[in-house]
Amino acid sequence: SVVLLAIPGPTVMLVVSFAIGQGRKTGWATVPGVALGDFTAMTISLLGAGAVLAASATLFVALKLAGAVYLVWLGIQLWRAGPGMPAVAAAADRRPAMFWHAYAVTALNPKSIVFFIAFVPQFVSEDRALLPQVAVLELTFVTLAAANAALWAVLAGQLRARLRSPRVLRLVNRAGGSLLIVAGALTAATRRTA
């Protein structure tokens, strides 16, 4: 799980983009969204939807394209944002919106759902009760995913704290927005492996 989580994907790009663009608090707000998103994706996969997704090319493409469009939309919003908070959330407190953005990007990643259905069953013993094993596997993965997102948020937030110039912050937002747009394009180009 640690090795798999170390490979940056759309979720990490989202966390880093928001933490660099808006600071550590925004980055921290994405961490529970990532954890709940991974929990949702794993649970859906283990309940059988992952097998359906792996078998249905149409469903896979639909979910993939929905996720890609969402990432591109977030990227455009971050690109257009000023040096302060992004335009993707309401003015008063943007952290709940960041939570939901992280949740959606993580939970709707079709590659994660297909991966969970292919990866997790290898660690389930037929000789033992299923529910406790699944609970341990999900708790382990979700905890590591949250720690990974938190680490990226802290590192990106520290980088942002060193940036003071509005011009530099605008460039950082544009770089983060570009990363999300690229993540959307890569998501759209993803092919099923199952």
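Gly-23 comes directly after helix H2 and has a positive phi, near 105°. The model is a predicted one.

**Helix H2**
- Helix H2 covers residues 10–22, and its end C-alpha atoms are 18 Å apart.
- H2 is mostly covered, with 12 of its 13 residues buried.
- The buried residues of H2 include Pro-10, Leu-14, Phe-18 and Gln-22.
- Val-12, Val-15, Val-16 and Ile-20 are also among them.

**Aromatic pairs**
- A search of the whole structure gives two aromatic pairs.
- One of them joins Phe-99 and Trp-100, with 4.7 Å centre to centre and 85° between the planes, an edge-to-face arrangement.
- The rings of Trp-100 and Tyr-103 have centres 5.7 Å apart and planes at 85°, so this pair is edge-to-face; the cut-off for that class is over 60 degrees.
- Trp-100 and Tyr-103 lie three residues apart in helix H6 (residues 95–107), so about one helical turn separates them.
- Phe-99, Trp-100 and Tyr-103 together form one aromatic cluster.

**Accessibility in the cluster**
- Phe-99 counts as buried because its relative accessibility is 19%, and buried means under 20%.
- Tyr-103, at 21% relative accessibility, counts as partly exposed.

Note on methods
Residues are numbered from 1 along each chain as its sequence is written. This is a predicted model: local features need pLDDT of at least 70, side-chain atom pairs count only at pLDDT 80 or more; totals for chains, interfaces and linings use all residues. Side-chain values use heavy atoms; hydrogens and water are left out. Rings of Phe, Tyr and Trp (its six-membered ring) pair if their centres lie within 6.5 Å; planes under 30 degrees apart count as stacked, over 60 as edge-to-face and the rest as tilted. Buried means under 20% relative accessible area, exposed over 50%, partly exposed in between (1.4 Å probe, protein chains only). Helices (H or I, at least four residues) and strands (E, at least two) are DSSP runs, numbered from the N terminus. The expected span of a helix is 1.5 Å times one less than its number of residues.
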